[in-house]
Amino acid sequence: MDQPTVGILHPGSMGAAVAACAAANASAVLWCEAGRSPASAARAAQFGLTPMATLAELLDRSEIVISLCPPAAAEDLARDVAGHHFAGVYVEANAINPERAVRITELLEPAATVVDGGVVGSPPVRGKTPVLYLSGPAAATARIEALFAGTAVKMATLGTEIGKASALKLSYASFQKTSRVLVALAVGMAREHGVDQELIEVASRRTDSYLSEPQYVAKTAARAWRWGPELEEAADALAAAGLPPEMLRAAASTLARWNDVKDDRELTLTDALDRLAQP
């Protein structure tokens, strides 16, 4: 069985957990220490990833590289990788629009083989089982499927066209994340008029509605720094498809009001709504 050396760029909450799953079928999983925060180092240690001092060292040793970073950094990161003439399989798994996925492919080919990817779901910890959707050359997608075989990361391949996996990821994110923003706005407006508990009671009659989960507003706020750029990517994809992007841009603008509470797990619903109401 092929047990490749895998590099993860970079070990955020999703990237580190996905990399740990890959370790089940890899000879080693590497990450690059240069420029990373103490929090990244702690996550990498927690998941048993092997540190490399430089990006060049990681790329020299890796046969497969998985890119999972904030959307805004995806293209610059790919450009850095291309500058080192990486010649393995590059999994572009960021929440970016299909046009950017194609541009990144053009940056890295022909030296590397690019697989377009999109993760739908929560990080694969504590029983969570996200799906990694893939599209790209058949031989390369088959290697990635084998890498995650038997792990908490489930696999689905959408064909050989670069951009399909990114399109599916953003299509889902545009609904799911915008819906959470709408919940925050609805609860905020109801609170302003003293009817927030009544609103929640009405919503609780519809258990399939996000509005019945107001406590998730605090989690939305803590993740806003990541979700906002994803919705901007989704808005760009809508515009490219000839569809109106304004709703998603407005949702991204709303999320930006929470950028200063990045990953704050102590945030309460009241705190989140107070911050949302500040201009």
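Predicted model: local features only at pLDDT ≥ 70, side-chain atom pairs only at ≥ 80, totals over all residues.

Modeller: Helix 7 and helix 12 sit roughly perpendicular to each other, a label for angles of 65 to 115 degrees (under 35 is roughly parallel, over 145 roughly antiparallel, and the rest oblique). Their axes cross at roughly 90° and come within 10 Å. Those axes are lines fitted to C-alpha atoms, for helices over the stretch in contact, with angles running from 0 to 180 degrees between N-to-C directions.

Residues are numbered from 1 along each chain as its sequence is written, and side-chain values use heavy atoms, with hydrogens and water left out.

So who actually touches whom? Helix 7 brings A184, L185, V187, G188 and R191, and helix 12 (residues 269–276) answers with T270, L273, D274 and L276; contact here means heavy atoms within 4.5 Å. Sorted by class, that contact has five nonpolar, two polar and two charged residues. For the classes, Ala, Val, Leu, Ile, Met, Phe, Trp, Tyr, Cys and Pro are nonpolar, Asp, Glu, Lys and Arg are charged, and the others, Gly among them, are polar.

With five residues, helix 7 gives the most to the lining of the largest pocket, whose volume is about 1,700 Å³. S13, M14, P123, R223 and R226 are the closest to the pocket's centre, out of 48 lining residues. Helix 1 (13–22), helix 2 (38–46), strand 6 (113–120), helix 7 (164–192), helix 9 (216–222) and helix 10 (224–240) each put at least two residues into that lining. By class it splits into 23 nonpolar, 11 polar and 14 charged residues. Points are joined across faces, edges and corners, and the volume is the space filled by probe spheres set on them.

For contrast, take another helix pair. Helix 4 (residues 74–83) and helix 5 (residues 98–108) pack at about 10°, axes 9 Å apart, which means helix 4 runs roughly parallel to helix 5. A74, E75, A78, R79, V81 and A82 of helix 4 meet R100, R103, I104, L107 and L108 of helix 5. That contact has seven nonpolar, no polar and four charged residues.

Now a couple of buried spots. A251, in helix 11 (residues 246–255), is buried at 5% relative accessible area (buried is under 20%, exposed over 50%, partly exposed in between, with a 1.4 Å probe and protein chains only). Beyond residues up to four places away in sequence, A251 touches T178, V181 and L231. A251 and L182 are 69 residues apart in sequence, yet their C-alpha atoms are 8.0 Å apart. I144, in helix 6 (residues 138–147), is buried with 0% relative accessibility. Apart from neighbours within four places in sequence, I144 is in contact with I64, V89, V91, L132, L134 and M155.

Most residues other than glycine have a negative phi, and most peptide bonds are trans. The bond joining L9 and H10 is cis, omega about 5°, and H10 lies in the loop between strand 1 (5–9) and helix 1. The bond from E109 to P110 is cis too, omega near 5°, with P110 in the loop between helix 5 and strand 6. R126, not a glycine, has a positive phi of about 50°; R126 sits in the loop between strand 6 and strand 7 (131–135) and is exposed at 79% relative accessibility. D263 isn't a glycine either, and its phi is positive at about 55°. You'll find D263 in the loop between helix 11 and helix 12, partly exposed at 42%.

Note on methods: Helix = DSSP H or I, 4+ residues; strand = E, 2+ residues; numbered from the N terminus. 1 Å grid on protein atoms, 1.4 Å probe; cavity = no way out; pocket = protein on both sides within 12 Å on 5 of 7 lines; lining within 4 Å.
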